[in-house]
Amino acid sequence: MTSLEELRTPCLVVDVEVAERNAAAMLQRAAGLGCRLRPHVKTHKTVEGALLQTGGKKSCITVSTLREAEFFASHGFSDILYAVPITRDKLSRAAQLAQTADLAVIVDNIAHVTDLAKFGPPGEGLVWKVWVMVDCGYHRDGVEPSDPKAAALVQAIVSQSELFFAGIYTHGGHSYDCTSPDAIEAVSRAERDAVVGFATQLAAKETPAPVVAIGSTPTCSVPPSDGLDGVNEMHPGNYLVYDVMQSGIGSCQLADVALRVLTRVVGHYESRNTLQVDVGWTGLSAQGSANFYGMIMDHPELAITNLKQEAGEVSSRSGSPLDFSKYPIGSMLQILPWHSCAASHQHAEMQVVRGGAVVGKWESCKGW
């Protein structure tokens with residue numbers, strides 16, 4: 001086995017024991033809420049991570065790119081939901097995946113439905129499985145459930161022989177702006193009420209939604225105390241590894257953060273009270289600059305003050321003089337990232353650590 005000190009930096013590391021614990025907790029929470037878990041895999045984009053999330057099954061996952069769908073399909077996964085509104089340039093690739101991996105697509109505009117109908121069936125004897133995205137207050141995408149056009153969109157899907165209405169989906173992404181578990185729970189309640197209310201409308205119009213799905217890591221980590229009645233599927237993703245941002249808003253504890261970026265001290269600059277490290281925004285991402293890009297493990301006195309492309313600057317969090325002897329040239333620092341989705345995207349693989357030793361690596365998919 002390889003020790004952490006033998007790794008070349010910068011590199012991405014996952015504490016698999018923490019990830020296993022996070023995965024098991026979310027599976028248990030979903031079951032307790034009466035929901036099937038359809039985990040999002042975009043945070044890590046690895047086969048091994050997805051298998052932890054699904055409990056070992058190669059089915060029922062959510063992706064954000066067709067490349068992710070192709071990657072997981074090539075490793076035997078099926079029942080894949082592509083959770084970005086589909087456009088005509090992607091239909092040929094999506095049709096191939098519908099034939100081999102039971103791909104479902106999402107729409108929130110009549111133009112999407114028209115394009116699918118014009119394209120025709122994805123394969124002989126097949127129909128497009130179509131979900132409708134619902135806006136629960138995030139205002140990124142999705143139909144407004146109280147708008148008559150929302151129910152009309154579902155009716156348009158049902159009226160097309162090439163299409164099958166598979167369900168409704170929402171994402172409470174505004175939960176990431178919360179500052180407490182109570183605030184997260186309020187968003188999770190609004191998330192639930194938006195899709196359950198829309199599902200009730202659809203049932204009254206005799207176009208019931210087979211699946212009613214909610215999900216963001218904060219809202220699935222802090223679900224409504226009065227349950228998720230009317231919801232039957234959850235699709236969080238970041239929770240497998242969490243991050244400093246999630247711990248700050250109350251989704252998790254710092255002990256639940258499984259991902260870290262390793263870097264080494266490469267320079268001492270006493271006149272500027274600065275250490276230079278060998279990771280920049282290309283290895284950590286530029287997110288979280290107002291929050292020092294995350295936290296440096298075991299060194300609460302340190303903060304990342306600036307990131308260049310391939311180098312970072314570290315100083316004391318308080319502004320007091322550094323004791324440079326504590327951070328020799330070549331010594332390693334472990335950074336818990338502000339946003340693990342962004343940090344992991346910077347790397348093609350992550351080193352897997354168990355009990356402090358490197359026991360393998362997970363390769364991630366890249367591209368769109």
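A word you'll need on this tour is "buried": a residue is buried when its relative accessible area is under 20%, exposed when over 50%, and partly exposed in between, using a 1.4 Å probe and protein chains only. Keep in mind that this is a predicted model, where local features need pLDDT of at least 70, side-chain atom pairs count only at pLDDT 80 or more, and totals for chains, interfaces and linings use all residues. Residues are numbered from 1 along each chain as its sequence is written, and side-chain values use heavy atoms, with hydrogens and water left out.

**Stop 1: the whole thing**

Switch to cartoon view. You're looking at eleven helices and 18 strands; these are DSSP runs (H or I, at least four residues, for helices; E, at least two, for strands), numbered from the N terminus. The radius of gyration is 22 Å, close to the 21 Å that the globule rule gives for 368 residues, so the protein is as compact as a globular protein of that length. (That radius is taken over C-alpha atoms, and the rule is 2.2 Å times the number of residues to the power 0.38.) Turn the model around: along its principal axes, the C-alpha trace spans about 70 × 40 × 35 Å. Of the 368 residues, 57% count as buried.

**Stop 2: ring pairs**

How many aromatic pairs does the structure hold? There are four. Rings of Phe, Tyr and Trp (its six-membered ring) pair if their centres lie within 6.5 Å; planes under 30 degrees apart count as stacked, over 60 as edge-to-face and the rest as tilted.

Select Phe-71 and Phe-72. Their pair is edge-to-face, with 5.2 Å from centre to centre and 90 degrees between the planes. Both of these residues are buried.

Next, pick Trp-131 and Tyr-169, another edge-to-face pair, at 6.4 Å centre to centre and 80 degrees between the planes. Trp-131 sits in strand E7 (residues 128-134) and Tyr-169 in strand E8 (residues 163-170), so this pair ties together parts that are 38 residues apart in sequence. Buried or exposed? Trp-131 has 3% relative accessibility, so it counts as buried; Tyr-169, at 3% too, is buried as well.

**Stop 3: Asp-79**

Finally, select Asp-79, in strand E5 (residues 78-85). Its relative accessibility is 15%, so Asp-79 counts as buried. Show what's around it: leaving aside neighbours within four places in sequence, Asp-79 is in contact (heavy atoms within 4.5 Å) with several residues, among them Arg-36, Arg-38, Asp-102 and Lys-129.
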